[in-house]
Amino acid sequence: MILKTLTIKDFLSHENTTISFKENEKILLDGKSGSGKSSITEAILWGLFGKGRTENRSLIRRGEKSAAVSIKFADGHAETLITRTVSDTGKNVLSITQNTGSKGQFIAIQRTGLKDLQEWIEQVFLRASYELFTNSVAYPQENENSFVKTTASRRKDLLLEIVGAENFDKLYDQTRNILNTNKLESSNAVTKIEVLETIIKDAKGIEKEHDIYKKQNETISVEIEKQKLKEKDLDKQVNNISNLLGQISDKKSLKIAKVLSAEEINNQLKTDQETVKNHESIDIKTATTNVEEATNLQGKTTKIEKEIRENAIAQEKINAHLANKPAVNDYTEEIVSTKKRLVPLVKDSGSCPAGDDCPFVAPIKGQIEFLKDQIAQKTERMKSEKIALELWEQDYVLLVPVKDTKDLYTQLEGLKDKIIVLLESEKIVTAYNLFEETLIEIKKRELELDLKKKRLMAEIVLVENQIQKLEKESVKSDINQINIDLAKIRLSLHDLQDQKDKAISDLALAVQAKETILKSTAEIKDLRKIKLKLKTDGESLELLKEALSPRGVKAVIVDYLVPQLEERINDILGQMSDFRIRLDTQKATVDEESLKEGLFITVINDRKEELPFASYSGGEKVKITIAISEALASLMNQIGFRLMDENIVSLDSESTEGFVTVLTALQEKFPQLIVVSHLQEVKDMFEKQIMISKVNGVSKII
Ligand SMILES: Nc1ncnc2c1ncn2[C@@H]1O[C@H](COP(=O)(O)OP(=O)(O)O)[C@@H](O)[C@H]1O
Ligand SMILES: [Mg+2]
């Protein structure tokens, strides 16, 4: 995998810098001190690991709100874009996209958070931790985790990381756990097999009886059938008897009903006879005479009543005549006094000398005339009233005189009482006459009833005979005995059914036992297979555990890698100096009582003297460091670029020549090489040179 582009925004002294890389391109970054060269290599490290020279927020270019670094990598056609940003609020964002879309579009790698994405970069993409990366691929100007300064045990781990064996301890623990589970499962399988074998043994004991249970079952079934037949027969007998008894009871009821009917007929006949007898005892002759007499007496009463009525009419007439008697008034005195009043008047009328023409005589004459008229009228009225009275009196004499009717009334009452008594007999006569029709009916009914009675009597005899016959038949069978027998059979049937149930359940158990044997045998077979598999797995796991143990593959790797690494380091070192190093994986403790494990570096000078690393000069240390980082980087095939930041500043000119030789060799090994240097010898090696300079505090590519 190689670099394609690097874009830096407001990171350290850079404002907006982009560098494009090509395959097999060796680039030299040049510029004055503080111009921003290291910022470029650091941008790549920060982009990949999020680690910089200070804490993240201080990496933002002064006065800006956020910094961002984007690096595009290429591996054949596959491209990966990693972008990391930090804001002044401290928010860190990491995004990773790859051109895995169907049309080559970039799709994000899905991970739950920043930590997981970081893990993806280190474990999947680079296959290198920050510590390994900075000790091999990209050696920074100042390296706090320098391989030579770290512990022997860390060095050994870094070596193992190169071959991906850094997780062996973890895998070893996991394998041990799996192995423990395997052993547990194995022992479980053994226990299960033992349990199943016991189950099979027990089941065989039951299954052995299968045929016996089957036979028992059959025998009982036959016996049950026999008993059931008997039960059926007895049931039939009981039914017959109850049928007979039912018939008898029916017939008896019928007989009673018929006897009752006969009795009813007798009663009716008796009543009829009594009715006839009562009729015959009636004295119809006397009753008839009484009725005739009553009729006679009624004639008499009619006559008396007529006489009374006529007398009453006469009385009424007399009363009416009396009421119309005319009144006779006496006007004699009135006439006399009127005559007296006339005398003076007549006298006065003749005394006037003017005679009839006298004006005083005319009214007197009128008065005289009036009084004379009065007298004449009253005289006439007295005469006519007298005549009317005479006529009334003549009529009165002609009216019939009224008799005394008291006697007549007394006679009438006596007669009426007698008639009431006599007329009692009229009812008797009427009833007697009416009974004639009833008598005919009674006679007719008597005949019918007699016939009915005879028939009923015959039927009663018939039913009685039937009853006797049925009773005779029913007496033949002993119902109690039959019931006892039936109960006995039923009890035995019950018993047999219980036996059958038991036989069936025994049989079912035997069948089940057979199934259990089959199932358990199959299970044992499976378990044995599992056990066998667990055994082989266990053996493999045991081997794996051995392989993963500190004495296993790890030791082999270390034993294999260490001489190779030592040879490479000394190869490179040989091009720059007379020093050699020796790598050891074990070292005696200070008290020399035990051995320490790790990767120990011993430096040997040209006089074959062994001296500790710390006692060498700065330049010598640089050479050793360069040699180690080159050797480590050459072991990491997956990464095709290399970054070096002025790590050779303190080398003398002879060593610089040697370093140039080393670089030349490196140029062939790595497709991409990015070197920061201001040494002319180094610069001369590079065709492509990028010049960085700072203008107004901002780093720029010129
Ligand atoms: N946050 C920052 N903002 C702007 N400039 C910075 C920031 N931090 C460091 N610098 C400056 O960046 C410059 C570049 O440093 P560096 O890349 O290490 O230079 P060199 O070219 O010597 O490697 C230095 O002068 C440093 O002061
Ligand atoms: Mg620098």
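Start with strand β10. Seven of its ten residues are buried, so β10 is largely enclosed by the rest of the structure. Keep in mind throughout that this is a predicted model.

**Stop 1: the sheet around β10**

Select residues 595-604, which make up β10, together with residues 580-588, which make up β9. The two strands pair in the antiparallel sense, over eight bridges. Which residue of β10 is the bridge partner of Arg582? Show Thr602 and you have it. Next, pick Asp584 and look across to β10: Phe600 stands opposite.

Now follow the chain from β9 into β10. The two strands form a hairpin, with six residues between them. Click on Glu592 in that turn: its phi is positive, at about 60°.

Select Ile604 and find Glu610 of β11 opposite. This is a hairpin too, with five residues between β10 and β11. Lys608 sits in the turn and has a positive phi of about 65°.

Show the three strands together. They form an open sheet, in the order β9-β10-β11, with antiparallel pairing. Which strands are at the edges? They are β9 and β11, each of which pairs on one side only.

**Stop 2: the magnesium ion**

Select ligand 2, a magnesium ion. Which atoms coordinate the ion? Show OG of Ser38 and OE1 of Gln141, at 2.0 to 2.3 Å. The pair links distant parts of the chain, since Ser38 and Gln141 are 103 residues apart. Ser38 belongs to helix α1, residues 37-49. Gln141 lies in the loop between β8 (138-139) and α4 (152-162).

Are these two residues buried or partly exposed? Ser38 has a relative accessible area of 13%, so it is buried, the cut-off being under 20%. Gln141, at 40% relative accessibility, counts as partly exposed.

Stay in the loop between β8 and α4 and select Ser146. With 4% relative accessibility, Ser146 counts as buried. Leaving aside neighbours within four places in sequence, Ser146 is in contact with Asn135, Tyr139 and Thr625.

**Stop 3: ligand 1**

Select ligand 1 and show its surroundings. How many residues surround ligand 1? There are 16, and the closest are Gly34, Gly36, Lys37, Ser39 and Lys694.

- Gly36: a polar backbone atom is 2.8 Å from an oxygen atom of ligand 1.
- Ser35: a polar backbone atom is 3.1 Å from an oxygen atom of ligand 1.
- Arg53: a polar side-chain atom lies 2.8 Å from an oxygen atom of ligand 1.

**Stop 4: helix α6**

Select residues 210-280, helix α6, and find Asp235 in the helix. Asp235 is partly exposed, with a relative accessible area of 26%. What does Asp235 touch, not counting residues up to four places away in sequence? Show Leu486 and Arg490. Then draw a distance from the C-alpha atom of Asp235 to that of Leu245: these atoms are separated by 15 Å, with the residues ten apart along the chain.

Move along helix α6 to His279. Is His279 buried or exposed? His279 is buried, with a relative accessible area of 6%. Display Tyr432, Phe435, Glu436 and Leu439: His279 is in contact with these residues, leaving aside its neighbours within four places in sequence.

**Last stop: the domains**

Zoom out and colour by domain. According to the domain assignment of the protein, domain 1 covers 1-127 and 638-702. Domain 2 takes in 174-208 and 493-548, and domain 3 spans 285-407.

Conventions
Residues are numbered from 1 along each chain as its sequence is written. Chains are lettered from A and ligands numbered from 1 in the order in which they are written. This is a predicted model: local features need pLDDT of at least 70, side-chain atom pairs count only at pLDDT 80 or more; totals for chains, interfaces and linings use all residues. Side-chain values use heavy atoms; hydrogens and water are left out. Helices (H or I, at least four residues) and strands (E, at least two) are DSSP runs, numbered from the N terminus. Buried means under 20% relative accessible area, exposed over 50%, partly exposed in between (1.4 Å probe, protein chains only). Contact means heavy atoms within 4.5 Å. Two strands pair if DSSP finds at least two bridges between them. Donors are N, O and S atoms within 2.8 Å of the metal (3.2 Å for Na, K and Ca); water is not among the atoms, so sites may look incomplete. Domain bounds come from an automatic or database domain assignment. A residue is near a molecule or strand if one of its heavy atoms lies within 4 Å of it. A polar contact is a pair of N or O atoms within 3.5 Å; within protein, one must be able to donate a hydrogen and the other to accept it, and residues adjacent in sequence count only if both atoms are side-chain atoms.
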